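Okay, thanks for coming, everyone. Let me put the structure up and then walk through the ligand sites.

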Amino acid sequence: MNETAYRRINDLPSTHLLAGGTAMCAGCGGLQALQQIHDVLGPNTVFVNAAGCMTLLSIYPFTPFRGSWLYTAMASAPSGAQGIRDALDILIAKKRLPSDEDVSVVVVTGDGAAYGMGLSATSAAIDRGLDFLYLCYDNEGYGNTGQQSSAATPHAARTATATGSAGYPGYKKNLFDLWVANRPTYAATAIAAEPVDLARKIEKAANLRGPRLILCLAPCPTGWEYDPRETTDIGRLAVRTGVWPLKEYVDGAVVHTVVRRPRLPVEEYLSRQGRFRHLFEPARNETVITGIQARVDAYWERAGAPGEEKGA
Ligand SMILES: Cc1ncc(C[n+]2csc(CCOP(=O)(O)OP(=O)(O)O)c2C)c(N)n1
Ligand code: SF4
Ligand SMILES: [Mg+2]
């Protein structure tokens with residue numbers, strides 16, 4: 001838990017703790033996405049939550065979820081989901097649970113677990129064809145413990161473990177492609193700042209069976225260093241600059257679902273966040289900014305010119 005979140009929890013009266021949710025940072029993009037997903041899925045859902053920021057929503061023995069909630073270690077959420085799915089299937093087979101009262105099993109996990117610690121358990125669950133929805137809210141770092149770098153951290157971002165003048169030296173891992181390589185039933189990228197696209201993807205995923213991924217970029221004011229009021233703007237800019245392509249994999253093909261045009265320069269997204277401030281101050285780092293732009297351009301060149309007809 002980062003220091004701000006820790007202080008916030010300890011300052012809260014117990015009634016707030018019982019209500020849940022108030023322990024989160026204002027403007028949390030991950031929470032925005034989870035709220036929308038929770039609304040679409042409804043109460044017949046069991047959430048299996050890998051350790052991370054969203055764990056703060058539940059304070060034993062209370063949870064703000066209308067369905068059920070299980071907390072697991074960072075690497076173990078897919079294994080927890082398997083256990084629940086098996087238990088439900090056994091109850092249904094023994095006619096102790098009517099099949100029309102079955103519940104959906106949904107993993108909720110951060111990027112630290114999804115891109116790293118939990119990847120092996122996730123891959124094995126996909127191989128077994130586990131019937132589960134896997135929601136990753138990707139705030140591009142280990143947010144709950146103070147935003148250390150994860151395998152989802154973008155190039156040059158400053159984090160608690162990449163504090164030098166160059167920021168994070170690596171490049172964000174492509175989790176969507178890793179899932180697609182495992183041939184799941186469904187995989188999609190999304191963001192709360194594009195709520196219609198997100199709701200459509202959740203509905204689609206909810207009506208399918210087998211392993212299904214919803215990978216949401218989750219703007220994080222605390223870790224990305226911007227004013228909490230700007231979460232939706234930052235999210236929209238991630239899409240408008242082409243940094244976060246919105247797409248889905250279904251029936252063996254990848255399709256872009258929303259393409260906003262004209263595509264804006266990446267610096268309009270980068271310059272709004274403190275984690276990239278060193279690229280602009282005290283002097284502009286043209287080499288790194290141009291390099292980030294070139295990688296985004298190369299992605300869209302490879303993708304062709306998808307979704308022209310949907311341009312805004
Ligand atoms: C094996 C293990 N190592 C470290 C921790 C401490 N820890 C708890 S939450 C967390 C950060 C998780 O990052 P992420 O999955 O991205 O979720 P976020 O905190 O960003 O929501 C860490 C490192 C842990 N719970 N388990
Ligand atoms: S650190 Fe970021 S992801 Fe975690 S609760 Fe705060 S805003 Fe949300
Ligand atoms: Mg994270």
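So, which residues come nearest to ligand 2? Among the nine residues around ligand 2, the nearest are Cys 25, Cys 28, Cys 53, Asn 139 and Cys 220, where being around a ligand takes a heavy atom within 4 Å of it. By class, that shell has six nonpolar, three polar and no charged residues; Ala, Val, Leu, Ile, Met, Phe, Trp, Tyr, Cys and Pro count as nonpolar, Asp, Glu, Lys and Arg as charged, and the others, Gly among them, as polar.

Quick note on the ground rules. This is a predicted model, with local features needing pLDDT of at least 70 and side-chain atom pairs pLDDT 80 or more, while totals for chains, interfaces and linings use all residues. Residues are numbered from 1 along each chain as its sequence is written, chains are lettered from A and ligands numbered from 1 in the order written, and side-chain values use heavy atoms, with hydrogens and water left out.

Next, the magnesium ion, ligand 3. Its protein donors are Asp 111 (OD), Asn 139 (OD1) and Gly 141 (O), at 2.0 to 2.2 Å; donors are N, O and S atoms within 2.8 Å of the metal (3.2 Å for Na, K and Ca), and water is not among the atoms, so sites may look incomplete. Along the chain those donors are spaced D-x27-N-x1-G.

Now ligand 1. Asn 139 turns up here too, with a polar side-chain atom 3.0 Å from a ligand 1 oxygen. A backbone N or O atom of Cys 53 sits 2.8 Å from an oxygen of ligand 1, and a polar backbone atom of Asn 144 is 2.7 Å from one.

Technical notes
A polar contact is a pair of N or O atoms within 3.5 Å; within protein, one must be able to donate a hydrogen and the other to accept it, and residues adjacent in sequence count only if both atoms are side-chain atoms.
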